[in-house]
Amino acid sequence: MALVNVANMVVLDNPAPFGNPLQFEITFECLQSLQDDLEWKVVYVGSAENSTHDQTLDEILVGPVPVGVNKFILQADAPDPSTIPSTDILGVTVILVTCSYREEEFVRVGYYVNNEYMEE
C-alpha cells in the first residue's frame, strides 16, 4: 500500500505563452507520517531524440508532510529555448512532474505540450 497518493494535479495558467512560468496545483494524501521530505521535480523534454536536451525546471523538497490531504502550488521557470534544438522548438513535446521519496521515484505525470507561434 502506498503511503502517498496523488489525488489531483491541475495545470494553472493554461494555455500560456512559452516564456511564462509553469504552475501546477498538486493535491496529495499522506496516509502515514514520513521521516523525510518529498522531492518534486518539473522536467521539460527538449527533444524526443536526445535526453541531453531535457531541462530540470525546478526541484523542491516538501516536508515535513502531515498525515491527511495536502495541497500546494509548484511553480517552475519556463524552459531556456537556447538549449532546445531549433527543429524541436515548435511542435509537441512533454513536461514531466515527478515525486520521489528517499530518492525513489513513485509518481510521474506527463503532459503533452504543443508550442506554436501566436498570431498578433
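Predicted model: local features only at pLDDT ≥ 70, side-chain atom pairs only at ≥ 80, totals over all residues.
View 1. Buried means under 20% relative accessible area, exposed means over 50%, and partly exposed lies in between (1.4 Å probe, protein chains only). Residues are numbered from 1 along each chain as its sequence is written, and side-chain values use heavy atoms, with hydrogens and water left out. The structure holds zero disulfides. A disulfide here is a pair of cysteine sulfur atoms within 2.5 Å.

**View 2. Four strands form an open sheet.** The order is S4-S3-S6-S7, and the pairing is antiparallel. Strands are DSSP runs of E with at least two residues, numbered from the N terminus. Two strands pair if DSSP finds at least two bridges between them. Strands of a sheet pair through backbone hydrogen bonds. S4 (55-62) and S7 (104-115) stand at the edges. Each has a single partner strand, so one side of each is left without a neighbour in the sheet. From one strand to the next, the twist averages 15°. Angles run from 0 to 180 degrees between N-to-C directions, with axes as lines fitted to C-alpha atoms.

**View 3. Strand S3 meets strand S4.** S3 covers residues 38-44. Seven bridges join S3 to S4, and the two run antiparallel. Leu38 stands opposite Val62 in S4.

**View 4. The largest pocket holds about 720 Å³ of space.** A pocket is an open set of points on a 1 Å grid over the protein atoms alone, where a 1.4 Å probe fits, with protein on both sides within 12 Å along at least five of seven lines. Lining residues have an atom within 4 Å of a point. The volume is the space filled by probe spheres set on the points, which are joined across faces, edges and corners. The lining has 27 residues, and the closest to the centre are Ala16, Pro17, Val113, Asn114 and Asn115. S1 (4-12), S2 (22-30) and S7 each supply at least two lining residues. S7 gives the most, with five. By class, the lining has 20 nonpolar, five polar and two charged residues. Ala, Val, Leu, Ile, Met, Phe, Trp, Tyr, Cys and Pro count as nonpolar, Asp, Glu, Lys and Arg as charged, and the others, Gly among them, as polar.

**View 5. Two prolines follow cis peptide bonds.** Most peptide bonds are trans. A cis bond joins Asn14 and Pro15, with omega about 0°. Pro15 lies in the loop between S1 and S2. Another cis bond joins Gly63 and Pro64, with omega about -5°. Pro64 sits in the loop between S4 and S5 (68-76).

**View 6. Arg102 and Glu103 have positive phi values.** Most residues other than glycine have a negative phi. Phi of Arg102 is near 55°, and phi of Glu103 is near 65°. Arg102 is found in the loop between S6 (91-101) and S7. Glu103 lies in the loop between S6 and S7. Arg102 is partly exposed, with a relative accessible area of 47%. Glu103 counts as exposed, at 75% relative accessibility.
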